[in-house]
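Good morning, colleagues. Please turn to the sequence and the structure on the screen, and I shall take you through a few of the features.

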Amino acid sequence: MDLLRRVLAGSGVDPDRAEPASAQESPAAQEPAAVDPVPDDDPLRHVVRTPPRPGRTTDWPDWTPEPLRAALVDRGIARPWAHQAEGASLVHGGADVVVATGTASGKSLVYQLPVLAGLEEDPRATALYLAPTKALAADQLRALDGIAPPGIRPAAFDGDTPMEERDWVRRHCRWMFSNPDMLHRSLLPRHRRWATFLRRLRYVVIDECHTYRGVFGSHVAVLLRRLLRIAARYGARPTVVLASATVATPGEFASRLTGRDVVAVTEDGSPNAGRTVAFWEPPLLAEITDDSGAPVRRSAGGEAARMLADLVLEDARTLAFVRSRRAAELTALGARRQVAEAAPELTERIAAYRGGYLPEERRALEGALMSGELLGVATTNALELGVDISGLDAVVLAGFPGTRASFWQQAGRAGRAADEALVVLVARDDPLDTYLVHHPQTLLGAPVESCVLNPVNPYVLAPQLACAAAEMPLTTADVADVFGGAPAEEVLDELVADGVLRRRPHGWFWPDTGGSPSADVDIRGAGLGQVAVVEAATGRMLGTVDGDAAPGSVHPGAVYLHRGDSFVVDELDLEQGLALVHPEDPDWRTEPQSVSEVTVLATRESRRYGPVRVCFGDTTVTSQVVGYRRRTADGTVLDQAPLDLPPQSLDTRSVWYTIDPDALEEAGIDEARLPGALHAAEHAAIGLLPLFAICDRWDIGGLSTALHPDTGSPTVFVHDGHPGGAGLAERGHEVLASWLSATRSAVHDCECRTGCPSCVQSPKCGNGNNPLDKAGAVQVLGLVLDALAGDGDSDDGDSDDGHPDGGHSDDGDSG
């Protein structure tokens with residue numbers, strides 16, 4: 001609380017506002033404590049204090065080897081927490097277990113204890129640890145120093161492992177720390193070389209399992225089935241242990257991820273220091289408006305940089321989480337600039353951390369942060385998971401990270417030691433952020449979201465089944481028992497028809513071409529791989545960007561930031577995966593412009609509610625970056641330039657609704673207002689869907705049009721941004737009424753007059769947020785909600801509604 005008071009004083013806000021009314025009496029750890037109404041120009045909207053929680057210890061399980069127990073006691077673990085002993089004993093007994101307790105609750109011991117005991121008990125046994133990031137795996141490997149017996153020989157096997165060390169790991173390591181990418185690209189395609197390790201495989205540990213959601217999670221789910229199938233081929237049935245601090249229905253989710261029945265351990269016996277959560281809405285800048293005349297708020301990134309600087313000056317170890325690699329660089333630069341004015345000696349203790357850095361840069365930053373050499377770090381979600389950075393005092397979130405699960409993961413990075421922590425959520429100019437800072441109970445009083453994954457997504461199954469067949473021919477039993485039955489058989493028939501696989505009486509075979517399909521299958525994205533960013537004059541590789549994001553982020557003319565240095569892109573070659581840049585320090589930034597269209601392929605579900613028809617089905621989204629704007633720091637547009645980049649097509653799933661023109665006319669929305677009203681309703685709905693599905697707005701996209709050729713009516717689409725869909729549009733279809741009700745409230749309650757980024761403007765609108773009609777959006781959403789309140793009539797699903805000419809609109813968002 002004292003830390004918050006000092007931050008408020010630095011912001012020019014009355015420090016007494018830090019005291020939450022009745023917070024001390026609040027019995028529930030996640031119940032928001034109400035504060036008095038605040039003036040519109042006061043950025044501190046709510047303060048909530050989570051009270052401390054005592055811990056519950058128990059005796060060490062009687063099967064714990066004495067040397068291991070002594071090593072843990074020497075490390076300061078005199079007795080395990082109750083959930084640690086419960087989970088470890090279940091694993092030791094051979095049960096597949098998921099431990100889902102809070103951040104910093106000691107989940108690692110739940111698998112460390114039985115795995116180390118089991119490996120010591122059986123000198124031939126092996127174990128595999130999988131983490132979603134190399135940083136987390138390296139951190140967990142370091143945690144074994146001093147407690148793992150010498151014969152265990154734990155080692156890392158990831159993309160940073162030198163080639164000369166990989167053979168040693170394969171031959172001698174008994175507990176390997178790796179990630180799904182290495183399992184997919186290296187171990188399974190060469191499983192015969194790993195036969196000894198796999199034959200003796202006794203444990204598989206899957207850490208931070210909540211990250212395996214969406215398309216990535218669906219790939220990992222099939223990948224784990226591939227692993228367990230190959231292990232069974234060598235006679236092993238390893239026990240699976242999963243861990244996550246933030247996952248709903250953990251047993252059900254873990255079972256869906258692994259294909260096995262999994263026991264959940266959820267009762268947290270660890271202590272927890274108190275935590276103060278502040279909700280901060282940057283004030284409007286009365287003297288500045290955007291291109292459309294809408295008011296502009298002080299940026300969340302700018303506020304986060306200022307808070308990071310204030311906290312560093314207070315000697316508070318702080319992480320500032322931001323939403324993009326560029327924002328991490330800018331936030332660190334801004335904080336260093338402000339700290340330099342008061343304490344120049346502290347500027348070197350502030351840095352940025354993000355994906356795309358080279359391995360040696362990441363390791364150096366992680367070490368400096370853990371040692372305390374760095375006081376303040378601006379980071380993307382690359383530091384959200386697992387790395388045990390104890391002793392942090394504060395976390396600043398520059399914008400809601402997209403899901404409650406991620407919010408609690410990031411918030412949990414502070415307060416991992418005994419002292420109470422400060423968490424500040426700084427709202428971006430965004431509909432969801434604005435809604436949350438005005439309705440904190442929506443965030444703090446609700447459970448984390450369920451993780452959505454679909455192991456039988458055909459866009460996932462097709463490449464995964466090809467990989468599985470290349471590893472070992474697929475039998476009908478494999479298809480029925482391991483890979484999902486009928487959906488997998490349909491995909492296999494298509495692979496045979498396309499000549500990818502061959503069908504024989506005993507199963508499906510990969511033609512012996514001398515290669516493996518795994519090298520061409522990207523389990524983390526849309527299969528477009530990575531684009532290397534290279535300084536043209538020197539050949540120095542600066543970093544990488546995802547291939548599907550490259551047209552919008554490293555197009556010719558774009559500004560690219562790397563570790564505080566600015567570069568301008570000269571050339572982008574998507575086929576070669578290369579962006580060439582030169583150093584330059586411009587006083588402007590770039591903003592891509594795109595066009596998109598949606599073609600309806602098949603309607604899976606359809607229901608009419610009077611003048612409104614609601615549908616869910618298969619669509620193709622075609623988008624193209626066609627130009628970019630250059631803006632000054634205050635948002636002024638300097639100019640815009642065209643680009644000639646290839647279109648990108650995405651076969652995915654969408655939810656959409658159509659409205660009869662007569663009903664719109666009766667509601668007072670004439671032909672001239674209709675495009676802006678639909679466009680504003682679409683933007684706002686995209687902004688609020690993350691409240692109901694585990695995603696953020698960059699995982700989804702949309703399109704609105706006054707007359708869509710495939711529906712023949714005014715239509716609003718919201719689509720998944722992943723091939724085959726990741727369950728997000730389907731979730732939107734399930735909760736449409738609640739979703740659109742929250743959307744209408746967010747738009748209606750926004751204090752702006754004609755629409756702003758807090759309600760209907762989108763940061764990724766390909767048409768520059770034009771046209772937008774805020775009042776029209778409220779009317780459209782009200783009309784739809786009134787219709788949904790009545791009884792609907794179901795239409796026949798699974799029909800082909802596609803038209804060859806497709807749909808087109810320049811005023812849509814593309815995910």
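Let me begin with a question: are helix 17 and helix 19 roughly parallel or roughly perpendicular to each other? Please bear in mind that this is a predicted model. Two packed helices are described by the angle between their axes and the distance between the axes. Here the axes of helix 17, residues 458–471, and helix 19, residues 486–497, come within 9 Å and cross at roughly 65°. Angles of 65 to 115 degrees count as roughly perpendicular, and the two helices are therefore roughly perpendicular to each other. The crossing of helix 17 and helix 19 is right-handed.

Which residues make the contact? Helix 17 contributes Pro 458, Leu 461, Ala 462, Leu 465 and Ala 466, while helix 19 contributes Pro 487, Ala 488, Val 491, Leu 492 and Leu 495. By class, this contact has 10 nonpolar residues, with no polar and no charged ones.

Leu 198 is buried, its relative accessible area being 0%. Leaving aside residues up to four places away in sequence, Leu 198 touches Leu 187, His 191, Leu 227, Ile 230, Tyr 234 and Ala 236. Between the C-alpha atoms of Leu 198 and Pro 238, 40 residues apart along the chain, the separation is 9.4 Å.

Finally, the protein as a whole. There are 25 helices and 30 strands, and 58% of the 815 residues are buried. Of the contacts between residues at least 6 apart in sequence, 74% join residues at least 24 apart. The accessible surface comes to about 31500 Å², with 48% of that belonging to carbon and sulfur atoms.

Methods
Residues are numbered from 1 along each chain as its sequence is written. This is a predicted model: local features need pLDDT of at least 70, side-chain atom pairs count only at pLDDT 80 or more; totals for chains, interfaces and linings use all residues. Side-chain values use heavy atoms; hydrogens and water are left out. Axes are lines fitted to C-alpha atoms, for helices over the stretch in contact, and angles run from 0 to 180 degrees between N-to-C directions. Helices (H or I, at least four residues) and strands (E, at least two) are DSSP runs, numbered from the N terminus. Angles under 35 degrees count as roughly parallel, over 145 as roughly antiparallel, 65 to 115 as roughly perpendicular and the rest as oblique. A crossing is left-handed if the near helix is turned anticlockwise from the far one by less than a right angle, and right-handed if clockwise. Contact means heavy atoms within 4.5 Å. Ala, Val, Leu, Ile, Met, Phe, Trp, Tyr, Cys and Pro count as nonpolar, Asp, Glu, Lys and Arg as charged, and the others, Gly among them, as polar. Buried means under 20% relative accessible area, exposed over 50%, partly exposed in between (1.4 Å probe, protein chains only). Accessible areas come from the Shrake-Rupley method with a 1.4 Å probe; for residues, only the protein chains shown count as cover.
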